[in-house]
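Here are some notes for a colleague who is meeting this structure for the first time. Please keep the structure open while reading the numbered points.

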Amino acid sequence: MSLLLKIAARNILRNGRRSLMTVLAIAVGASAMLLFGEYIAFMILGLQTNMVQRIGHLTVSKRGYFELGSGNPAAYGITGYRDVMKLIEDDPVLKPMLNVVTPNVTLFGIAGNFDVDASKTFFGSGVVPSDRERMRQWNEYRFERTAPAQAPAMSDADPSRGVIGVGLARILGLCRPLELGDCPQAPQGASSASAPSVQDFSELAQRDLPRTAPKRGLPRIDLLAATAGGAPNVVSLYVARAEPQGVKELDDSYVVMPIDLAQQLLYGRGEHKAVGIVLQLRRSEDIPAARARLESLFKAHGLELEVHDFTELQPVYKQIIGMMGAIFSFIAAIMGVIVLFTVVNTMSMSVMERVNEIGTTRALGVRRSGIRRQFVAEGLLLGVLGACAGLLAGAAIAYLVNRAGLTWTPPMQARPVPLRLLASGIQPLVIGVWLGLVALATLAALIPANRAARMKVVDALRHV
Amino acid sequence: MSGDERPAPAQVARLREVVKTYDDEGLRVTAVAGMSFDIPRQRFAMIVGPSGSGKTTLLNLLGCIDTPSSGRIEVCGQDVAALSDDAVSDFRSQHIGFIFQNFNLVPVLSAYENVEYPLLLLGTGAAERRERTEAMLASVGLAAQRDHRPNQLSGGQKQRVAIARALVKGPELVLADEPTANLDSHTGAAIIELMRKVQHERAATFIFSTHDPQLISHAEETYTIRDGKLVEHRSEAA
C-alpha cells in the first residue's frame, strides 16, 4: 500500500467515530439510491411486460393509421394481411426474433344487453384467441405470477365467445350472470343514458341476427358498429369472462373478441382485413433490429405499411419512465448534497486538526500537490467505504423485501403483483451509484484539500 | 575569538542584506533587519538571542520555508528565490533536514515509517530505503522501538526519531529549532551528544536556534542576534 493510502487509512481509523458517521451518511445515500433504483427498474420492467403481453413489441399498420386511423379503423385495413404475415414469419432475419405474429382488428361501436335495456359505447379488439394466450405467457424478465393462471376465456374454435371489462359488465347489467362481486345495481333507466335509443338498437339486432341457441350459462351482448362501407352491422358476443382493466375508461368500454367476429362486424360480407399485425419478440432488445428489418422488407415489396413500437402506441410508458427518472434524480441530488456536506465537514475538521502535520510534511519536502492528494485520498477512501457499505446494506434490504411477500398494484394494471426490488441485471445502477458517490466524496474532499495545500509552511508550523 | 581571523571553509549558507518583515494584526514587524553573514559547512552552529530577536524567522529563511522581504539568501549554493514553489519543496527534500522543538512526528506512522518518510519522498528504492532506515534507527538507539507510534514513545525517544528522520537522507544542512526545549536536562544532554555524534559521522552542518546553555556550550559557530540584527559572531577552531 502506498504511503498516501496508508496515511489516509490510518487517519480514518484514528478518528473512528467521525469517520464512521461520514461512512454511514454515504452508505445511507448509496442504499437509498440503490433500493429506489431497483424499485424503479422492477416497476419499469413490470410495466413493459404488461404492455408487451397486451400489445406486443411492434405493430404493423397501414400508412397513416397511427396518425389518423383511430377515428375510422375500417378504412385503414391491411389488404392481404395473411400474405404480409407470411412474409414476416418466413423472413430469415426476423424469424429467430419472433415469438408471436398475429393480426388484430380495432373497432368501436355500441354494446347492448337487451334483457336489461342497457347499452354502452365500446372499444373493441379482435384477436386470435390462441395467439392472445401465447402473448400473455411472454415473461422475458421472469416475473412471478400472483394469481393462478386461469383457463383461456376464448378459443379459436368458438368465434362467438369474448371478454369484456368489468366496468362494462356492470353497466350492461352482467354482474349476476358473470358472478362479479362489488357490483351495485344501476338505477332504472340510467344505464343507457349515453347511448342511442336501446329500443332502436334491439330492433336492429332482432331483425339482423340469426337465432342462435344461448350458450350454456354465458350471457349474450349485441355489438353494433358501422362497416367499412358505412352500413350498420350487428353481431352477438357471448361473454365468457369480465376482466378488470387498469384504466377506468378502458374498463368501462373494453371488449375483446375473436378476430373473425370483429371482421364480420367491421367488414360484413366484404373482404376481411386486419387493422394491425402485432409482433411479439422473444427479447425486447431486438426491437430496433426487427423494426429496421420490417421497414426495409416493406420498402422492398412496395407495401404501404408503417411500424410502431409499444412505447409509441402507449406514450404513458415513456411518461412513467420520465417521471420515475425525475424522482430518482431528485433523491440522488438530495443524497448527493448530504454526502457532499458531510465529507466537506469531516475533511475540514481533519485539516484543522492536522495543520502542524501539514507544515511538517511540507518542510520535509512534500509539494502542495502532495498535500492535496493526501486529503483527497482520504475522501476517496471514505467514499469507497461508504459506497461499499451502502451497496451491501442495500442488497441485504432488497433480499429481505423480496422475501417479505409484499404486493402492489402498478399503474395501468388492475390486479396486485408481488413487490420486488430488482436484484439482477442492475449492474449499471450499482456501478453508477458506487462511482457517483465515490467521485462525489473525492470531489468534496478537494475543497478542504485545497485549503490545506495553500497553507504557508511557517504558519502551519506555528499553529498550536 | 572572531571567525574572520581564519580562512573560512566553504559556506553552507550566505545571507546578504536579508530583511524579513511581516504584518502582525496591522502592525508592521521587522523580524530580520538586514543581516549579512556566512555559515560554514560541517559545523555545529548556534543562533542565539533573546525571545523575539528573530532566531526562528532566520532559521525559517535558512530552511527555505519562508522567503525574505528583500535581500538574498543562498543555501547549499542555491539562490532559493529563483526557484518555484515545487522546486523549493524538492530542494528541501534533497538538502535540508529539520528537527523541531515539538518533535513533529507524523502521528499515524511508526518510528520506522517516520524515518523512512524522507526517503520515500526522494524516491529511494525499497532495499536501500530499508537498509538506511534500519541503520539510522540503530544509530539513534531505537531499533527495538521501530514499530512504536509517536504516542508510545517518550519525549527523548521522539526527538531521537526526529533526528533520525532529519539525517536519514544524508542532508547537507540540518536545522533544529530549540531541539532540547521540551526535554529534561538529562535527556537533553543525551540528545545533544547524539547530534554531535551523527554530525561528526555524517559531516553535516547543524544550525540551531536555542536558548539552552547546555547546547550552546557545544557551539562551533555562534551567531548572536538582537532585534533582527547580528550583533556578534563567534567561531571556535575546527
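1. B:Q157 is partly exposed, because 19 other C-beta atoms lie within 10 Å of its own; a residue is called buried if 20 or more other C-beta atoms lie within 10 Å, exposed if 12 or fewer, and partly exposed in between, with C-beta atoms placed from the backbone. B:Q157 is found in helix α5 of chain B, residues 155-167, where helices (H or I, at least four residues) and strands (E, at least two) are DSSP runs numbered from the N terminus.

2. This is a predicted model, in which local features need pLDDT of at least 70 and side-chain atom pairs count only at pLDDT 80 or more, while totals for chains, interfaces and linings use all residues. Residues are numbered from 1 along each chain as its sequence is written, and chains are lettered from A and ligands numbered from 1 in the order in which they are written.

3. Leaving aside residues up to four places away in sequence, B:Q157 touches B:L142 and B:Q145, a contact being two C-beta atoms, placed from the backbone, within 7 Å. From C-alpha to C-alpha, B:Q157 and B:Q145 are 8.8 Å apart in space, and they are 12 residues apart in sequence.

4. Chain B also holds an open sheet of four strands, in the order β2-β1-β4-β5, with antiparallel pairing; two strands pair if DSSP finds at least two bridges between them. The edge strands of this sheet are β2 (27-40) and β5 (78-79) of chain B, each of which pairs on one side only. Strand β1 (residues 11-24) of chain B is joined to β2(B) by 11 bridges, and the bridge partner of B:R14 in β2(B) is B:D38.

5. Where the chains meet, 18 residues of chain B are in contact with 17 residues of chain A. On the chain B side, α2 (85-95) and α3 (111-122) each supply at least two residues, and α2(B) gives the most, with six residues. The residues on that side divide into eight nonpolar, five polar and five charged, where Ala, Val, Leu, Ile, Met, Phe, Trp, Tyr, Cys and Pro count as nonpolar, Asp, Glu, Lys and Arg as charged, and the others, Gly among them, as polar.

6. As for chain A, its secondary structure comes to 17 helices and 11 strands, and its C-alpha trace spans about 110 × 55 × 35 Å along its principal axes. Of the 464 residues of chain A, 41% count as buried.
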